[in-house]
Amino acid sequence: MEKNNNQWRQIRRKDRALDRNGAEDILKKGTYGVLSTFGQDGYPYGVPVNYFYKDGHIYFHCAVEGHKMDNLANCPQVSFTVVNNENIDGPHITTFYESAIAFGKASVIQNQEEKRRLLVDLTVALAPGSEESHRAAEKCADVSLERVQVVDITVEHVSGKAHY
């Protein structure tokens, strides 16, 4: 979506549009989405990542170096797409789904305590469970802290649509 006169472009299929709360619910329920970035070469790059959404922020982890990090250093503006409950209805030649697209700016978490906390939160969000699972997530965060980045996408705009 592009901005036009400081307004985000509207969804074409208004009959399937969700309000902001509906779009955020999709982000909250999802476990992976496609991060879209731009490289210095001008090419877009879309890559699936595990994530969690909380209070207007999308968090994910990745390697310290690589294509994602190069692109984010080049241009921190990103989009992030999540699709849930996709189901093809062949006899009616349609697809049922719910999807959300978030637009925002990505930044790397620099504070080590915050980074560790977010790694634990990510693990718990993706694999909820017992107190034992939480302790395992904390141990995993301690071991991987130095070799991963945690990226925070501050969501500036989110839209959603669904066909049920």
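## Terms and basis of the model

A residue is called buried when its relative accessible area is under 20%, exposed when that area is over 50%, and partly exposed in between, with a 1.4 Å probe and protein chains only. The structure is a predicted model, in which local features need pLDDT of at least 70 and side-chain atom pairs count only at pLDDT 80 or more, while totals for chains, interfaces and linings use all residues. Residues are numbered from 1 along each chain as its sequence is written, and side-chain values use heavy atoms, with hydrogens and water left out.

Helices (H or I, at least four residues) and strands (E, at least two) are DSSP runs, numbered from the N terminus.

## Salt bridges

Side chains of opposite charge can pair when their charged atoms come close. With a salt bridge taken as a side-chain nitrogen of Lys or Arg within 4 Å of a carboxyl oxygen of Asp or Glu, the count comes to 6. One of them joins Arg20 to Glu24 at 3.3 Å, N to O, and these two residues, 4 apart in helix α1 (residues 20-29), are separated by about one helical turn. Arg20 is partly exposed at 38% relative accessibility, whereas Glu24 is buried at 15%.

Another salt bridge links Lys29 with Glu98 at 2.7 Å, N to O. Lys29 belongs to helix α1 and Glu98 to strand β9 (residues 94-108), so this pair ties together parts that are 69 residues apart in sequence; Glu98 is buried, with a relative accessible area of 3%. In helix α3 (residues 112-126), Arg117 and Asp121 are 4 residues apart, or about one helical turn, and their side chains meet in a salt bridge of 3.3 Å, N to O. Arg117 is partly exposed at 42%, and Asp121 is partly exposed at 25%.

Strands count as paired if DSSP finds at least two bridges between them, and 7 bridges join strand β4 (residues 32-38) to strand β5 (residues 44-50), which run antiparallel. Leu35 has Val47 in β5 as its bridge partner. The hairpin has 5 residues between its strands, and Gly42 takes a positive phi near 85° there.

## Aromatic pairs

Rings of Phe, Tyr and Trp (its six-membered ring) pair if their centres lie within 6.5 Å, and planes under 30 degrees apart count as stacked, over 60 as edge-to-face and the rest as tilted. A search of the whole structure finds 3 aromatic pairs. The rings of Tyr51 and Phe80 have centres 4.9 Å apart and planes at 75°, so this pair is edge-to-face. Tyr51 lies in the loop between β5 and β6 (52-54) and Phe80 in strand β8 (residues 77-89), so the pair ties together parts 29 residues apart in sequence. Tyr51 is buried at 0% relative accessible area, and Phe80 is buried at 1%.
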